[in-house]
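Please read them alongside the sequence and the coordinates.

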Amino acid sequence: MDFNEEYYKQTIEKYNYNPLDFAPMDFEFCSISKDIMKSKWLCHSGIDKISGDRNKFIVTSGVGLSGIPHMGTLSQILRTIYLQKNGINVQMVLGDLDSYNARDKELKYVVELSKRYEELIYRLGFDTSKGILRNQIDYPEINQKAYLLSKYVSDQDFLDTEEDLSKLYIKENVYKGITFPVKQAILLMIADFITLSESYSDIVVMLGLEEHKYVRLARLMMQRMNCESNLYSIYSRIIRGLNGYPKMSKSIRGSAITVDMEPSEIRHFILNEPDTYDIPENSVIYQMMTAVSDYSAEDIVAIYKACSEKSSDWKLWKSDYSERLVKICKSWN
């Protein structure tokens with residue numbers, strides 16, 4: 001599967017999502033301009049309905065702990081921090097139990113890795129006095145909530161929620177399909193969304209677009225429960241993987257640029273990307289520049305033009321970005 005612009009269009013049309021990139025965006029999100037929103041996210045479902053009272057809503061996201069962070073992981077972390085710095089309530093969940101179940105990792109491994117992720121997120125600028133940063137294993141009340149929710153979901157619901165990447169993950173021996181442990185991981189994630197609804201009237205789930213079915217299932221379960229809170233979503237572009245993989249993955253070796261790579265290796269990947277893409281949105285490096293950086297909206301416009309033209313300026317931007325990214329990755333160590 002190729003996660004290109006055509007895939008995005010088909011998904012948006014099939015599930016009736018409101019696109020940011022494929023139609024004019026006539027609103028800003030809180031104090032964030034529509035230009036910034038368009039550069040950092042692909043599309044959304046319902047966030048234009050939020051009243052703007054920042055005390056009544058929260059944006060929640062999370063990262064899996066099946067391996068070393070890669071560029072997709074960093075993109076979710078940095079987007080969350082960006083929202084926080086703009087005065088928006090945020091939560092980031094470190095999926096230790098998710099990786100223990102859905103990715104069959106040893107519990108000791110994910111617990112230790114969770115601590116390292118937490119340190120990385122602090123170094124990148126997350127402020128725990130203004131947001132929630134937590135794991136899963138130390139919050140048994142949400143595990144209890146997942147158990148209580150089980151009566152509102154069926155086996156068929158889980159099968160209908162399987163990610164579009166599942167065939168690739170099965171082929172790469174990452175997981176074996178919608179098994180019982182995977183169902184538990186999905187249910188725990190949805191329990192977190194619904195737990196937040198007890199404190200906030202509006203919950204915004206921030207995910208990659210390939211994970212949109214999780215939000216659909218959560219909404220379905222909330223309807224069955226007669227839950228009055230609103231569940232919205234905002235979706236990120238998927239950063240394409242290396243060596244022909246459709247997405248960078250912590251579980252698939254050779255698919256990703258990871259934070260533990262040597263600076264020389266990171267620079268090599270960025271500076272030597274083949275100019276075989278048709279549009280900037282299909283360039284791995286351009287995707288990374290919009291998602292894993294602190295470039296301004298004006299910078300992104302200039303980068304897009306240079307990338308489109310494959311000009312000498314594009315080489316200069318890539319050189320600048322390689323140094324920025326090396327600095328970001330040093331936060332891991």
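What pLDDT does the protein chain average, and what share of the residues score at least 70?

1. Confidence. The protein chain averages a pLDDT of 89, and 93% of the residues score at least 70; pLDDT is the predictor's confidence in each residue, from 0 to 100. This is a predicted model, in which local features need pLDDT of at least 70 and side-chain atom pairs count only at pLDDT 80 or more, while totals for chains, interfaces and linings use all residues. Residues are numbered from 1 along each chain as its sequence is written, and side-chain values use heavy atoms, with hydrogens and water left out. Among the elements, strand β4 (residues 90–95) has the highest mean pLDDT (98) and β1 the lowest (65). Where pLDDT is low, the predicted coordinates should not be read in detail. Helices (H or I, at least four residues) and strands (E, at least two) are DSSP runs, numbered from the N terminus.

2. Strand β6. Strand β3 (residues 57–64) pairs with β6 in the parallel sense over 4 bridges, where two strands pair if DSSP finds at least two bridges between them. Thr 60 stands opposite Val 205 in β6, and Val 205 has Ser 233 in β7 as a bridge partner.

3. Strand β7. Of the 7 residues of β7 (residues 230–236), 6 are buried, so the strand is largely enclosed by the rest of the structure. Strands β6 (residues 202–208) and β7 run parallel, joined by 7 bridges, and Ile 203 stands opposite Leu 231 in β7. The chain passes from β6 to β7 through helix α10 (residues 212–225), a β-α-β crossover that is right-handed: with the strands pointing away from the viewer, the path from the first strand over the helix to the second runs clockwise. The pairing of β2 (residues 43–45) with β7 is antiparallel, over 3 bridges, and Ser 45 stands opposite Ser 233 in β7.

4. His 212. This residue is found in helix α10 and is buried, with a relative accessible area of 1%. His 212 and Tyr 15 are 197 residues apart in sequence but 9.3 Å apart in space, C-alpha to C-alpha.

5. Backbone angles. Most residues other than glycine have a negative phi, and most peptide bonds are trans. Cys 30, which is not a glycine, has a positive phi of about 55 degrees; Cys 30 is placed in the loop between β1 (18–19) and α2. Asp 104 also has a positive phi, near 55 degrees, and lies in the loop between α4 (96–102) and α5 (107–123). Asp 104 counts as exposed, at 68% relative accessibility.

6. Second largest cavity. About 40 Å³ of space lies in the second largest cavity. Its lining includes Trp 41, Arg 79, Arg 237 and Ile 239. Helices α2 (34–40) and α12 (284–291) are the elements that give two or more residues to this lining, and α12 gives the most, with 3 residues.

Key
Buried < 20%, exposed > 50% of the residue type's maximum accessible area, 1.4 Å probe, protein only. 1 Å grid on protein atoms, 1.4 Å probe; cavity = no way out; pocket = protein on both sides within 12 Å on 5 of 7 lines; lining within 4 Å. Points joined across faces, edges and corners; volume = space filled by probe spheres on them.
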